[in-house]
Protein chains: 2
Amino acid sequence: MITLYFAAGTQRWTQFEAPLRCALQEVGIEADLSPHCADPSLVDYIIYAPDSAVQDFTPFTRCKAVLNLWAGVERIVGNPTLTQPLCRMVDPALTAGMVEWVLGHTLRHHLGMDRHIVNPDHIWEPSPPPLATERAVTILGLGALGQACARALQGVGFPVKGWSRTQKSLPDITSHHGDEGLKTALSGAEIVVLLLPKTAATENIVNAERLTLLAPGAVILNPGRGHLIDDTALLAALDSGALGHATLDVFRIEPLPKDHPFWAHPQVTVTPHIAAETRPKTAARVVVENIRRGQAGLPFLHRVDTTHGY
Amino acid sequence: MITLYFAAGTQRWTQFEAPLRCALQEVGIEADLSPHCADPSLVDYIIYAPDSAVQDFTPFTRCKAVLNLWAGVERIVGNPTLTQPLCRMVDPALTAGMVEWVLGHTLRHHLGMDRHIVNPDHIWEPSPPPLATERAVTILGLGALGQACARALQGVGFPVKGWSRTQKSLPDITSHHGDEGLKTALSGAEIVVLLLPKTAATENIVNAERLTLLAPGAVILNPGRGHLIDDTALLAALDSGALGHATLDVFRIEPLPKDHPFWAHPQVTVTPHIAAETRPKTAARVVVENIRRGQAGLPFLHRVDTTHGY
């Protein structure tokens, strides 16, 4: 019998209790699973969300791992009391949802749908868009989500360039890395998808200078992290016409404040942080698989490299 | 030296002359290609569009085939003077464009994008959509375009049901046929894509009775033919709330008349017949391949069955 502490809030407990118990039963793990913790020194695993009340990990002396329910770990990774292994959530359903959001909004902009969805003057102007094979798409970030999106976009025909901080050897994706590689990846891009983690190195990575590298009228899709974009530079590029549109799912402050200029800007679409939602049923299986691995002495899946922050 | 008569209008001649000459050269066919015809009895092949001035095929006594530049043949197939084989256009680029339109608009409705694209009250309501695997999509018509769209939608995860008039054996697509099969295919469908040809049997196939079979709030996508839908029944189902939206690319009269109720209806999106555009470069190769086949005594590709009308 192991002790599992669900430190991710009351609302998530309601969503996750049944899927977790079901997933534990599936693999035959007997566990005392609770959203309360009487004695931290008895906890074997913490199931965690970064907005949890638990911020001091010192008392959890026998805890084998902190299993995050979110993909993003920036609010926990720098916690100096965290000495236990930390694992990110890589939920197959979250990945599927992200792929759908990215593919959907890429096709929306590629096809120029907005001018048909909002067409008050009833203009009939049959100018077909280019084919996907003629539309340059770049993805910044080639983690699990970036790779899945790159493959889906390539499946529809888009020639995709990827970029990641460090060199990645992905046989089926054209990938660039480092500062020079970032210039190459952004130069001439017509649609740019941001799927980088939030780290000190990625803050404002999309800045005024880099925005000038894109094709005229390019579109930015940001389902990654709000901090990846210099908001002022983005608005300036939209206002000058250099940039055509930005569709944003994540923001520095969420919900996006009512007076933020993104709301009223005609070339900005706000989606309310819906691109990557953890789905309890599939996420519970990922958490339980890591518990099974921990108990069997196997390496954890999706373990965070705390020196790089993701 | 063979004689090719380009009977498809002056504007198309400008677009097609160079691609056709290039494609002929690629396969080594010497041809007298012209948009004029001095002597019909000398023409070996007619390259054709149904809005051509040529409507009497009687004088083309040695013509081996009429090679249509369009996918749709309803304006020529019933021509009693047409005794020559008729071939439809199945342009790989046209198919790609159709797949992009269908996949894009399916994802648009699946993700509920419109409420983010037009959000005057700046509402932040993070209710993520279901996954594609939970969204029932039905395609009416399993020709080259329907099959390609079905495969692309399945690739993203949508469970796709297909329907065609006659039984089709497609190992990778769940397909239904006949009148009973049509009921099965439409029952509970949340997104319905119309890709049937225009024939007497498909006119008004989407009528009031069949609309009641769909899931509440279902969406209709019509990139096929305007005549497939009973427009009055469609508007009534939208007004009653039974149907959620219709995104239409084709109409009984095109351009859609300024006073047509589709323009002003908030639950109708009009796209100006852009879903399936023939692209000269790839279409020219298809035409020339059929000329090569005709000269080699091989069966033509995409030959129209004139008894069924497609």
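How many residues of chain A are in contact with how many residues of chain B? In this predicted model, 46 residues of chain A are in contact (heavy atoms within 4.5 Å) with 46 residues of chain B. Residues are numbered from 1 along each chain as its sequence is written, and chains are lettered from A in the order in which they are written. Local features need pLDDT of at least 70, side-chain atom pairs count only at pLDDT 80 or more, and totals for interfaces use all residues.

The area buried between the two chains, that is, the accessible area (1.4 Å probe) lost on putting them together, summed over both, is about 3800 Å², with 74% given by carbon and sulfur atoms. Glu100(A), His122(A) and Trp124(A) supply 21% of the area that chain A buries against chain B, more than any other three residues. Among the elements that give two or more residues to this side of chain A are helix H2 (92-111) and strand E12 (268-270); the largest share, 12 residues, comes from H2(A).

Turning to aromatic rings, the structure holds 12 aromatic pairs over all chains, a pair being rings of Phe, Tyr or Trp (its six-membered ring) with centres within 6.5 Å. The ring centres of Phe6(B) and Phe16(B) are 6.1 Å apart and the planes stand at 40 degrees, so this pair is tilted (stacked is under 30 degrees, edge-to-face over 60, tilted the rest). Because Phe6(B) lies in strand E1 (residues 2-7) and Phe16(B) in helix H1 (residues 10-27) of chain B, the pair ties together parts 10 residues apart in sequence. Both Phe6(B) and Phe16(B) are buried (under 20% relative accessible area, 1.4 Å probe, protein chains only).

How values were computed: Side-chain values use heavy atoms; hydrogens and water are left out. Helices (H or I, at least four residues) and strands (E, at least two) are DSSP runs, numbered from the N terminus. Buried means under 20% relative accessible area, exposed over 50%, partly exposed in between (1.4 Å probe, protein chains only).
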